[in-house]
Amino acid sequence: MSEARAQGPLRRAARRVGIRLLSALPALFGVLVFTFILMRVLPGDPAVFFAAGAAGGQAEIEMVRQQMGLDRPLPEQLLRYLWDVARGELGMSMTTGQPVRTDLLERLPASLELTFAALLLALGLALPLGVLAALRPGSPVDHLVRFLCTLGVCVPTFVSGLLLVYVFYYLLAWAPDPTGRLDVFAATPPGITGFLLVDFALVRDWEGWRAAAAQIVLPASTMALFVLAPLARMTRASMLAVLGSEFIRTARSLGLSGRRVVLVYALRNALIPVLTISGIVFSTMLGANVLVEKVFSWPGVASYALDALLASDYAPVQGFVLLMAAIFVAVNLLVDLLYGVADPRASVA
Amino acid sequence: MSEPLLSVENLHVRFATRGGEVHAVRGVSLHLAAGETLGVVGESGSGKSVTAYAITHLLDRAGRIAEGRILFAGRDITRAGRHELRELRGAAISMVFQNPRAALNPIRRVGEQIGDALRAHTGLTRRAARERALELLEAVRIRDAAARLDAYPHELSGGMCQRVMIAMAIACAPRLLIADEPTTGLDVTTQKTVMDLLSGLIAERGMAMMLITHDLGLAAQYCRRVAVMEQGRVVEEGPTAALFRAPRHPYTRRLVAASPTRHSTVADLVGEAPAPAAPPPAPRRGQGPLLEVQGLRRSFGRVLAVDDVSFRLAPGESLGLVGESGSGKTTLSRMICRLLDASAGRILFDGEDIGAIPASRFHRAPQRRDIQIVFQDPNDSLNPRFTAFQAIAHPLRRLEGMGEGPALRARVEAAARRCGLPLDLLARFPHQLSGGQKARVGIARAIATRPRLLVLDEPTAALDVSVQAVVLKLLDDLRRQDGMAYLFVSHDLNVVRMMCERTIVLRLGRIEEEGPSDALFAAPRSAYARELLDAIPHFAPERREATA
């Protein structure tokens, strides 16, 4: 009896995940077709670009074009592309000479690691700041938080990134050389997950872990500063709304301690909307951190896609957009599932 | 009686608002002995809740105690510090609130919430608190208490949530319980069980209770003494029976008169004779009924909200629909005023099946003018960006295609005048109007197109009794003069009895009993209708019988 009851919600959750994934397929297909067409419409001929530059003769360009299938009609190119994608092939990158899938898989962990680190850092800062601001609205603390948030949003990431490099690397020399994920001379860990911090921890190489952590601190801080504002403001607003609600009054009327009221009764309820925002922030950061990746020479997917775009290299850009769309779907799904855990009312609806 | 448990002496509470300081409580003095029950009655804005929140220091940030003293068990708690308050709240004084579902933490299991209340004042372990919580749930007579411990508030009914709230309030055996409108929004039978439970627990444990309510009947039935508040002052106080039998203060007298009782009539409530009735409306098309409902059904998912309901409504007749929440009365009225489609059945208006017109397209049907609605909440049912004039003109523009001009103005002003709305208020926005004025705007909007059927969905549920009395009188007069038919939906049986010639009692989507109001209320045939009637608390001032 109780087993059947416990199985029910799990089953329902699995069904919901299945339905959500299926319903994401048309959107992913749309993204595919849209990027494909967009790349063809944009100026620039990859064949010219790759046929040994301007020196290449017309014949050579034609050859490259034939090799890449660019001489065929567009619908046929699209069908071929869709067929490839369906088989898991994303094409070859002309710039790196490797399959796009390999390139992306190699670089995705770098981007994900950076984004996760930045999100954790941002949440670690934004939650306490938002709560403090909500507990004393209109106080100096509140104004200070607002000032910090405004600053974070106003300053573009390439400026704040360079500023951080200037202060912590050049002036104070606290941070290591801000290029790449690891010092060139340091030993890399075995590629288990691709996340350096995780891999170092798995093989218990704490020196390497510290080195990797030191590398990631500046770029992650740069990104965290940028997304501090939405997270802290959301926490504050949601905390204010919850603190004014009737069950907080009930908790107070029963003599619960102030800390318990704020942390257990108010914060847990206030986190529910913050969760939604965090999902959106994460997806945005993953694609929008191209500037940070460039400033810190971070070998991530966004800078890879930018390079490809500048070179009129179709396949990597299409692959990147598809990857981003898939991650967006996955993150939204994850947020929805977490939402169901955090708010018992959600699973009923 | 030795020294009182609670003394409030010359209490003044002020709120800092954008429009300046509001003096909400102006010199209230109240005394409550140990084990005593005191009812504090008054209408909205009388300061009764503010007084309660001042005692437990739960006023919101803007409010402050400007003057006066609050003594609890001989201790001055007027300026109690945070630590002192924490020891006081829950352990010595606890509260039960209005709207029980919102008063509980939505994402915490009720067992844990009761446990929190217990652990705030005792050194109980988590497991011991859980066991104690189970005992408390049994004490508030929740069925299947062990299973309910792990329920979330949204999985419980409103009445059950209030029982949980009461369990939390009595968890640490406080000596005083302040109940702030504890049964507002609950069904009348639920209200009775909750109040019986509450007063039983209080007597059993020797606690004192301060019951804050707008319902004189409730105060009369459950309190030994009653204090009447008006505009931040206590205007009259005394033993319940004596106070209601012979109210001295004019405000108390007005309040007592305006409260519907078993025998009152609309004219009694306001002390005016009803408007002379217009000659009975000429039969329009044949002698058929204005509205005929045949086998109406509506299901939401697997739940059958309205199950095979049939009735007729003659032109100019007034029919009451009563029932508890979940009885389907709102669903039924929404289907009849064509805001909701039926799953099966027919709705004949003037012999024409308007049920066949989808609700989404009914606004273009010619019958829309003839069937208008007065909604429950006068605040939410008015567009905040429309002035009263625009609100009343809206149906005229949309349904009669009237353009701007003197004709429109004349029609709007006529409707406003009929509803007793002063014409200089027409330029105001809803937030600049009082509750009663907003109700009048809502009624004026509904009668502007001169409908033949008015569906009234709890039109006075959100109003104070004195305002309710005036609005009921207005509605009654309008019907007599215009020969409109009313479908009057309400959970307040006394109101329905006064307003309607015929009454239908709904239960779980089916008609439980139907008949002329007088007969039905004097001698209900079904057990359910009797139960409903018995659950109404009343203070029965005997003067009514004397004159009758």
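In this predicted model, helix α7 (residues 157-171) of chain A and helix α9 (residues 206-243) of chain A have axes that come within 9 Å of each other and cross at roughly 140°. That angle makes α7(A) oblique to α9(A), because an angle counts as roughly antiparallel when it is over 145 degrees.

- The crossing of α7(A) and α9(A) is right-handed.
- On the α7(A) side, the contact is made by Thr157(A), Ser160(A), Gly161(A), Leu164(A), Val165(A) and Phe168(A), while α9(A) contributes Leu218(A), Pro219(A), Ser221(A), Thr222(A), Met223(A), Leu225(A) and Phe226(A).

**Where chain A touches chain B**
- Between the two chains, 17 residues of chain A are in contact with 24 residues of chain B.
- Helices α10 (246-253) and α11 (258-288) of chain A each supply at least two residues of the side of chain A that touches chain B, and α10(A) gives the most, with six residues.
- The residues on this side of chain A divide into six nonpolar, five polar and six charged.

**A sheet in chain B**
- Six strands of chain B form an open sheet with mixed pairing, and their order is β6-β7-β8-β3-β9-β10.
- Strands β6 (93-96) and β10 (233-239) of chain B stand at the edges, where each has a single partner strand, so one side of each is left without a neighbour in the sheet.
- From one strand to the next, the twist averages 20°.
- Strand β3 (residues 37-41) of chain B pairs with strand β8 (residues 208-213) of chain B in the parallel sense over five bridges, and Thr37(B) stands opposite Met209(B) in β8(B).
- Helix α6 (residues 158-170) of chain B packs on the sheet, where α6 touches β6 and β7 (176-180) of chain B, and the direction of this helix makes about 175° with that of β6(B).

**Confidence in chain A**
- The mean pLDDT of chain A is 84, and 93% of its residues reach 70 or more.
- Among the elements of chain A, helix α2 (residues 46-50) of chain A has the lowest mean pLDDT, at 69, whereas α10(A) has the highest, at 93.
- Over residues 1-6 of chain A the pLDDT is below 50, and this stretch has zero contacts in the model beyond near neighbours in sequence.
- Where pLDDT is low, the predicted coordinates should not be read in detail.

Technical notes
Residues numbered from 1 in each chain as written. Chains lettered and ligands numbered in written order. Predicted model: local features only at pLDDT ≥ 70, side-chain atom pairs only at ≥ 80, totals over all residues. Contact = placed C-beta atoms within 7 Å. Helix = DSSP H or I, 4+ residues; strand = E, 2+ residues; numbered from the N terminus. Nonpolar A, V, L, I, M, F, W, Y, C, P; charged D, E, K, R; others polar. Axes fitted to C-alpha atoms, helices over the stretch in contact; angles between N-to-C directions. Parallel < 35°, antiparallel > 145°, perpendicular 65-115°, else oblique. Left-handed = near helix turned anticlockwise from the far one by under 90°. pLDDT = per-residue confidence, 0-100. Pairing = 2+ DSSP bridges.
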